[in-house]
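This briefing concerns the single structure shown below. Please keep the sequence and the coordinates at hand while reading.

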Amino acid sequence: MTFEDFELNRQLLNAIEEAGYQSPTPIQEQAIPLVLGGHDVLGIAQTGTGKTAAYVLPILMKVKYAQGTDMRVLILAPTRELVMQIDEAIKQLAKYTDVRHVALYGGLGPKTQIETLQKGIDIIVATPGRFMDIYLKGEIGVKELKTLVLDEADKMMDMGFMPQIRKILEVIPSKKRQNLLFSATFPPRVENLSHEFLEFPHKVEVSPQATTASMVTQKLYQVPNFMTKINLLGMLMRDHETFKRTIIFCRSKEYADNIFKFLGRKVVGENKIRVIHANKGQNTRINSMEDFKEGNIQVLVATDVAARGIDIQMVSHVVNFDVPLIYEDYVHRIGRTGRANQTGEAITFMTEAEEYHIGKIEKLIKMSIPREPLPAELDVLDTPFVEKQIMLREIDEQRKREDPTFKGAFHEKKDFKVKAKEKEVKNKKQIIAGGKESRKGNFGKSSSSSGERKNRGAKKGGNSRKGRQ
Ligand code: AMP
């Protein structure tokens, strides 16, 4: 099949050719005729499948040229990065038309965005919050709206945008509106939304839910602790020939910052690495992504939310510094590599306490991730007592979740400080009593100096636990 087979106009075909698209991707083959035919469409497709052009092309075909002053198309997406990316795709594909489009997102003042709107607009791409803000200022006319797209609907729901989306649905005209809903996954909540939002929809699905990009090679290292993860990461990233364009994912902003500092100072050099997360300013995030896209930097450290939807081609490796707790994020993370017919590799670091989550992920992706032995030259460090305790406790909680009758090795109500203290006293008593264990830890009577030491240890544990969340 070729793009000529769709009834697209010459302006679009020329732009497609210039964009370097040789033939439609599977989602485009299925969705373009349906959208052109005026149907409501439910598309289940991850980023990297060409889903943006799958709705942008037929929309541009319908919008054709600049007309009137009010928007005729509204595309809602969860993050500013995705909004910018969709707008960029429109810019590329609409280059031979005079269609007016704008990206509305937060993080910077709305002045320029409003000025663009005031000149007259055909297509708006927006995050739900920013759209509503500007609508409430009276700067958006909704009467001409003919097509509404919800992109990454699953993520919008995860991020709590449903109330805003409902408000938007209340204020826009519902008559004769074509609705398109795209989502990377299809959990029941998205299915419910599709019933509410779409009329007699046609469902198109390019790869079964949560299957991983077939071009991605996956591997898993079982690593005993945090510091060994750091050593392993350093070791891998030193090989900059192989890891030439790597995204490192981690769960929290704190981890992201620490990994960024460590690699920048000790391994790859500060000018070869960037970090993106929710606390980074809009411009910093955009510049970091541009630097990475242009190949100026070797490593991009990111949290899941910051990286959602970003389109970066030719990523050589994705490293999961930790296992994501939202299991679908695994699919999104590794989907960053192996795009547009490039092969890629996704490497995951897993501690004993994360094995449970890997089990769940393997169930979701319906395959097991091959385990790789740790490199022989890796400096494997002992697990500090506090970290070990935290991991055991996590494992305990996981077992309890699976088996409600399981009592657990830890008493539920005692907090970690108490437990660390109790354990130390117990150990001391064992030594004093020649290996015999007393039944109840009488930790209140420990000496003040050892008590202080214990508390410090426990406090550290408390912090690192927080950092993991
Ligand atoms: P998306 O899934 O929309 O995020 O698209 C992923 C990437 O694929 C984007 O960089 C698009 O420019 C690119 N792309 C979209 N359609 C095609 C196509 N038919 N052939 C080659 N690349 C494409």
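Phenylalanine 200 lies in the loop between α9 (188-197) and β7, where helices (H or I, at least four residues) and strands (E, at least two) are DSSP runs numbered from the N terminus. The model is predicted: local features need pLDDT of at least 70, side-chain atom pairs count only at pLDDT 80 or more, and totals for chains, interfaces and linings use all residues. Residues are numbered from 1 along each chain as its sequence is written, and side-chain values use heavy atoms, with hydrogens and water left out.

- Phenylalanine 200 is exposed, with a relative accessible area of 73%; the classes are buried under 20%, exposed over 50% and partly exposed in between, for a 1.4 Å probe and protein chains only.
- Between phenylalanine 200 and valine 41 there are 159 residues in sequence, yet 8.5 Å in space, C-alpha to C-alpha.
- From β1, Val41 and Gly43 point one way and Leu42 and Ile44 the other, and all are buried.
- β1 pairs with β6 in the parallel sense over four bridges, pairing being defined as at least two DSSP bridges between two strands.
- Valine 41 has leucine 180 in β6 as its bridge partner.
- β1 also pairs with β7 in the parallel sense over four bridges, and glycine 43 stands opposite valine 204 in β7.

**The seven-stranded sheet**

- The strand order of this open sheet is β3-β4-β2-β5-β6-β1-β7, with parallel pairing.
- β3 (101-104) and β7 stand at the edges with a single partner strand each, so one side of each is left without a neighbour in the sheet.
- Neighbouring strands of this sheet are turned by 15 degrees against each other on average, direction ignored.
- β3 and β4 pair in the parallel sense over four bridges, with histidine 101 opposite isoleucine 123 in β4.
- α4 lies across β2, β3 and β4 and runs at about 170 degrees to β3; axes are lines fitted to C-alpha atoms, for helices over the stretch in contact, and angles run from 0 to 180 degrees between N-to-C directions.

**Nonpolar cores**

- The largest nonpolar core has 40 residues, and those with the most contacts inside it are Tyr55, Leu60, Ile75, Ile90 and Ile123; such a core is a set of buried Ala, Val, Leu, Ile, Met, Phe, Trp, Tyr and Cys residues joined through side-chain atoms within 4.5 Å.
- The elements giving two or more residues to this core include α1 (10-19), α3 (51-63), β2 (73-76) and α4 (80-93).
- α3 gives the most to this core, with nine residues.
- A second, separate core of 34 residues includes Val102, Leu104, Ile121 and Leu145.

**Helix α2**

- Ile27, Gln28, Ala31, Ile32, Leu34 and Val35 are buried in α2.
- The buried residues of α2 pack against β1 (41-44), α3, β6 and β7 (202-205), a contact being heavy atoms within 4.5 Å.
- Just after α2, glycine 38 takes a positive phi of about 85 degrees.

**Whole protein and confidence**

- The protein has 18 helices and 14 strands, and 51% of its 469 residues count as buried.
- The average pLDDT is 84, and 82% of the residues score at least 70; pLDDT is the predictor's confidence in each residue, from 0 to 100.
- Over residues 432-469 the pLDDT is below 50, and this stretch has 42 contacts in the model beyond near neighbours in sequence.
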